[in-house]
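Thanks, everyone. Let me put the model up, and then we'll walk through it from the inside out.

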Amino acid sequence: MNITFKGNPVTLRGTVLKEGDKMPDTILYDNQLNPVHAKDLPGIKVFVVVPSLDTGVCDMEVKKFNEKAASLPGVSIYGISLDLPFAQSRWCASNGIEHVRTLSDYYNRDFGYTTGTFIEQLALLTRAVFIVDDTSKILLAQYVPEVTDHPDYDTIYAKLEELAG
């Protein structure tokens with residue numbers, strides 16, 4: 001898989017996942033520094049992986065998913081980054097994020113390594129979206145080819161509307 005950051009190739013560490021794979025169990029941290037096991041998250045899950053919430057594209061992306069989440073009963077959306085949990089909490093509060101739960105991979109980069117989203121050169125997560133069912137089966141895996149670009153919202157939203165159906 002070829003991923004670039006501002007046109008320059010980057011290396012992803014870990015295993016790149018695809019539709020049909022099982023989402024590995026990982027440990028993330030909530031805004032109170034409590035560990036959260038991905039396998040314990042119920043129902044249909046959307047993992048919106050971003051490099052940092054405090055950047056323009058990431059900010060807009062999570063806000064778009066926050067708006068969309070209101071119309072998707074039974075779907076839980078998680079914003080994943082390496083931002084510290086305190087920074088995630090502050091960003092959510094200052095931006096009115098109520099429908100996306102932020103989780104941090106800051107502690108051991110477990111999520112980044114097991115999903116192939118950790119950018120070796122930058123020590124950040126690449127931009128990706130995973131839709132996972134209640135059995136941990138990946139229904140959609142989208143790694144954005146250029147980290148500074150938005151994901152393909154149309155494809156993601158179509159899949160979510162089909163699932164929320």
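Start at Phe47. Leaving aside residues up to four places away in sequence, Phe47 touches Met23, Ala38, Leu41, Tyr78, Ile80, Phe111, Ala128, Val129, Phe130 and Val132. Keep in mind that this is a predicted model.

Now the core around that residue. The largest nonpolar core has 25 residues. Phe47, Ile80 and Phe130 have the most contacts inside it. Which elements give two or more residues to this core? They are β6, at 44-49, together with β7, β9, β11 and β12. The biggest giver is β11, with 3 residues. As background, nonpolar side chains in soluble globular proteins tend to be buried together.

Next, helix α1. It covers residues 56-69, which makes 14 residues. From first C-alpha to last, α1 reaches 20 Å, close to the 20 Å expected at 1.5 Å a residue. Which residues of α1 are buried? Cys58, Asp59, Glu61, Val62, Phe65, Asn66, Lys68 and Ala69. Note that the list holds charged residues, Asp59 and Glu61 among them. The cover over the buried residues of α1 includes strands β6, β7, β8 (100-104) and β11. Helices α2 and α4 (153-164) are also part of that cover.

On to the charges. Side chains of opposite charge can pair when their charged atoms come close. The count here is 6 salt bridges. I'll take three of them.

Glu61 first. Its side chain meets that of Arg127 in a salt bridge, at 2.6 Å from N to O. What does the pair tie together? Glu61 sits in helix α1 and Arg127 in the loop between β10 and β11, so the bridge links parts that are 66 residues apart in sequence. And are the two partners buried or exposed? Glu61 is buried, at 0% relative accessible area. Arg127 is buried too, at 2%.

Then Asp59. It forms a salt bridge with Lys63, at 2.9 Å from N to O. Asp59 is buried at 15%, whereas Lys63 is partly exposed at 28%.

Third, Asp21 and Lys18. Their closest N and O atoms are 3.1 Å apart. Lys18 is exposed, with a relative accessible area of 52%.

Now the surface. Leu33, Leu84 and Phe86 make a nonpolar patch of about 280 Å². Leu84 belongs to the loop between β7 (75-81) and α2 (85-95). Why does Leu84 count as partly exposed? Because its relative accessibility is 46%, and that class runs between 20% and 50%.

Last, some backbone angles to check on screen. Ala123 has a phi near 55 degrees, a positive value in a residue other than glycine. Look for Ala123 in the loop between β9 (118-119) and β10 (124-125). Ala123 is partly exposed, at 36%. Ser136 is not a glycine either, and its phi is also positive, about 75 degrees. Ser136 is in the loop between β11 (128-132) and β12 (138-143). At 14% relative accessibility, Ser136 counts as buried.

Conventions. Residues numbered from 1 in each chain as written. Predicted model: local features only at pLDDT ≥ 70, side-chain atom pairs only at ≥ 80, totals over all residues. Heavy atoms only, no water. Patch = residues over 30% accessible without salt bridge, like charges linked within 9 Å, V, L, I, M, F, W, Y side chains within 5 Å. Areas by Shrake-Rupley, 256 points an atom, 1.4 Å probe, with all protein chains shown as cover. Salt bridge = Lys/Arg side-chain N within 4 Å of Asp/Glu carboxyl O. Helix = DSSP H or I, 4+ residues; strand = E, 2+ residues; numbered from the N terminus. Buried < 20%, exposed > 50% of the residue type's maximum accessible area, 1.4 Å probe, protein only. Core = buried A, V, L, I, M, F, W, Y, C linked by side-chain atoms within 4.5 Å. Contact = heavy atoms within 4.5 Å. Expected span 1.5 Å × (residues − 1).
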